[in-house]
Amino acid sequence: MDSHLTRPSDSPIQAAARELLAQGAQFDRWGTLALMDISLRYRRTVIGPLWITLTLAATIGSVGTVYAALFKQDVSIFLPSFAVGLIVWTLMASTLQEGSNVFVLSGHLIKAVPAPLIVHVLQMLARNVIIFLHHLLLVIVLYLVMPWPLHATMLLAIPGFLILLVALFGVATALGMLCARFRDIGSAITSGLQFVFFLTPIIWTADAVHGTAFQWLIAANPFTTLLELVRKPLLSQPVDAGQWLLGLVYAAGAAALALGCYAKYRKRVAYWL
Amino acid sequence: MSISAHIHLQDVSVDFPILSFRERSLRRRFMRAMTPFMARPQAPTHVVSALSDVTLDIRAGDRVALIGANGAGKTTLLRVLAGIYHPTSGSADVLGRCLSLFDLAAGFDEEATGYENIMRRGLVVGARRAEIEARRYEIAEFTELGDKLDLPLRTYSSGMMLRLIFAVATAVEGEIVLLDEWIGVGDQQFRRKARQRLDDIVARAGILVLASHDVDLLRSTCNRAVLLQQGRIAAVGTVDGIIDRYVAGAGDARN
């Protein structure tokens, strides 16, 4: 049972932060729920969530080789970059998309059971991370087929991934609340994400726009920065300090946004559902 | 019996905005802000007051009957006490662990087995994993469903499902028990057992708040009554007094 009491001396922000931290620490709760979600969704299939991984593998194999030929790129360089890019993108896009629906879809639960709202976001994020981990198998397979040099710097992908998760968590929380109130945003997000996909160096490379007017696209696109913080270390490419700093700024901004929204609106969400 | 439980509601109001499709659209808002000269006057947002200025003090030992017609605000009041709705104005101080026994099926999944659903529902209401694992067999035993708990919920009959739902919901206890209609489940033999368990839980709880239309049940269970009318407290008093008043009022309304 969750107590919905807060210390009377708390400011709204403090109370929200306390709740976020307390729930974040209850890994067994949202982690188990996320695992169960996945195991239930694929209960009657043989290979389970690997089905999505296979679909992704087909996309990577076909689109990757075609684009490598189109852009006259070396397949052994383009394919790993495209594969990791698409896998990280899948995590970002599905988290934001599910995030925008997270409270609406759990509406019946929110109105039935007193539980902190953030559990639904954490559960959704954990579910997508589990699927992401399945997809990582593809990267391993690809490495075995066409190895690229590995350095110890690849471990930097872990802090990069954490920055990405914090940013996704923050934006998903805010989006979820916004979409509970304004129902037309969900579809806007879906089409917006498709648009952003083409503006992010996934099916094209950053080198291709080097020196052109489109270079600012890469610099100004938060998706690019967050993606590269995971992709470049995994491919043993150097990431400059400016990108790390920018990634931290995005994560901090998203976290602050989530905290602000949570403090202000978490008590209103049940009324909108 | 727990003596620490205490509920204090001060001028609690709960107003629901009725958001029409139009008001839910951000695009429309944006358009209106961009083209103020073209804007038609905005229709006022409809607000439904589910509760207005409810002030109530409930202390340990109280067995409160919530009485009122459909739509009088009984369920909303229970949801405020449970912490699902935070009052739009006023304050609700609820001291003590709440056991809310309504919407018991929320969190169950058709595809999951009985055992998995025990875990799911437990986690959803905020129990820790280890805690649920420790009580799993106790819950399973109470349902008397045996090996069927390894089957997915969609294969259950509604009676079996109710047994499971009841067993899981009542596996934990609370200092404050909130009931929206008394729960009666299953066949004769299980119904007796369920009744016994619910009686025990209520006996050990510091506070019971029971919303019901069952006059005999209210008389035998409660020692205080609150009459709700259109979201306001119309009267507080003894169970018999309030029931008489409610029945008389309902009779008047009918004539």
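Each exercise below gives a task and then a worked solution.

This is a predicted model, in which local features need pLDDT of at least 70, side-chain atom pairs count only at pLDDT 80 or more, and totals for chains, interfaces and linings use all residues. Residues are numbered from 1 along each chain as its sequence is written, with chains lettered from A and ligands numbered from 1 in the order in which they are written.

**Exercise 1.** Work out how the sheet with β2, β1 and β4 of chain B is put together.

*Solution.* 
- Step 1: Look at the edges. β2 (46–59) and β4 (89–95) of chain B each have a single partner strand, so one side of each has no neighbour in the sheet.
- Step 2: Follow the pairing of β1 (residues 6–18) with β2(B), antiparallel over 10 bridges (strands pair if DSSP finds at least two bridges between them).
- Step 3: Pick out one bridge: D15(B) has S49(B) in β2(B) as its partner.

**Exercise 2.** Is α7(A) mostly covered or uncovered?

*Solution.* 
- Step 1: Locate helix α7 of chain A at residues 157–181 (helices are DSSP runs of H or I, at least four residues).
- Step 2: Count the buried residues (20 or more other C-beta atoms, placed from the backbone, within 10 Å of a residue's own). They number 19 of 25, so α7(A) is mostly covered.

Methods: The expected span of a helix is 1.5 Å times one less than its number of residues. A residue is buried if 20 or more other C-beta atoms lie within 10 Å of its own, exposed if 12 or fewer, and partly exposed in between; C-beta atoms are placed from the backbone.
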